[in-house]
Amino acid sequence: MLRDLLYASTAAATGVVANVWSDFMNWFADSYASAPALMLVMVAIVVLPSLALAGIVLRRQHRSPDATIVISRPSRRGEAKPRAVTVRTGLASWPTLAWLEHGDKHYAIDRTLVRIGREADNDICLQEKTVHRYHAAARRTSDGSVLITDLSGQEGNGIFVNGARVSEARLKPGDEIAVGEAKLKFAAKPA
């Protein structure tokens, strides 16, 4: 009994919606035939704000709601703050295949620039809370080597290559890179 009542009310509602849609489409077709430019503008006025709102909602869903946790380091009174340095190490100058390993995942460095951070739009997305939204960038140079650059700033968690804090470093196979508390390993081989 209840199922029959629900079926009847659903069928009636579906019929009403179908009639309203049919009437709307007839009106739209007649109006488009007499003034196509006006109808296209009206459609744009209705559709574009809806698409913009949907884009804003979807973009907010992809944002990381939590803030970066800064790793505290003990301060030493009387000592100058250590400066980030650029480490230069060797890598063959012929074309190479290069990648970063994080656990069981391998991320190829197959473009000029690969971004590393916590935000979803990074090429390498690391979920650790000590990783900044846009923490580092690995880039290929014209001689086939790979440089990693710290984007977190002086007050940020920085990047460490083989235990030494760097602002930029030329990577060689086997280098251990710490991005916040996330550990990456660099690997490369001739192409």
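**Close-up views of a predicted model**

**View 1. Thr112 sits in a loop between two strands.** Thr112 is found in the loop that joins E3 to E4. The model shown here is predicted. Is Thr112 buried or exposed? Thr112 is exposed, because its relative accessible area is 59%, and the exposed class begins over 50%. Thr112 still has partners from elsewhere in the sequence. Leaving aside neighbours within four places, Thr112 is in contact with Ala138, Arg139 and Arg140.

**View 2. The whole chain has helices and strands.** The protein chain has two helices and 11 strands. Read from the N terminus, the order of elements is α-α-β-β-β-β-β-β-β-β-β-β-β. The chain holds 191 residues, and buried residues make up 29% of them.

View 3. The mean pLDDT of the protein chain is 83. A pLDDT of 70 or more is reached by 76% of its residues. Which element has the lowest mean pLDDT? Among the elements, strand E1 (residues 85-87) has the lowest value, 52. Strand E10 (residues 176-179) has the highest, 96. Over residues 88-94 the pLDDT is below 50. In the model, this stretch has 21 contacts beyond near neighbours in sequence. Where pLDDT is low, the predicted coordinates should not be read in detail.

**View 4. Residues 34-58 carry a UniProt annotation.** An unreviewed UniProt entry lists residues 34-58 as "transmembrane region". In the model, the chain over residues 34-58 is 96% helix and 0% strand.

View 5. Strand E2 (residues 96-102) pairs with strand E3 (residues 105-108) in the antiparallel sense. Four bridges join the pair. What is the bridge partner of Trp99 in E3? The partner is Ala108.

View 6. Look closely at Phe186. Not counting residues up to four places away in sequence, Phe186 touches residues including Trp99, Leu100, Val146, Pro173 and Ile177.

**View 7. Asn157 is a buried loop residue.** Asn157 lies in the loop between strand E7 (146-150) and strand E8 (159-161). Asn157 counts as buried because its relative accessible area is 0%, and the buried class covers values under 20%. The side chain of Asn157 reaches the backbone oxygen of Thr130 at 2.6 Å.

**View 8. Asn162 has a positive phi.** Asn162 is found in the loop between E8 and strand E9 (164-170). Although Asn162 is not a glycine, its phi is positive, at about 55°. Asn162 counts as partly exposed because its relative accessibility is 42%.

Definitions and conventions:
Residues numbered from 1 in each chain as written. Predicted model: local features only at pLDDT ≥ 70, side-chain atom pairs only at ≥ 80, totals over all residues. Heavy atoms only, no water. Buried < 20%, exposed > 50% of the residue type's maximum accessible area, 1.4 Å probe, protein only. Polar contact = N/O pair within 3.5 Å; in protein donor to acceptor, adjacent residues only side chain to side chain. pLDDT = per-residue confidence, 0-100. Contact = heavy atoms within 4.5 Å. UniProt positions renumbered as here; feature names shortened; annotations may be inferred. Pairing = 2+ DSSP bridges.
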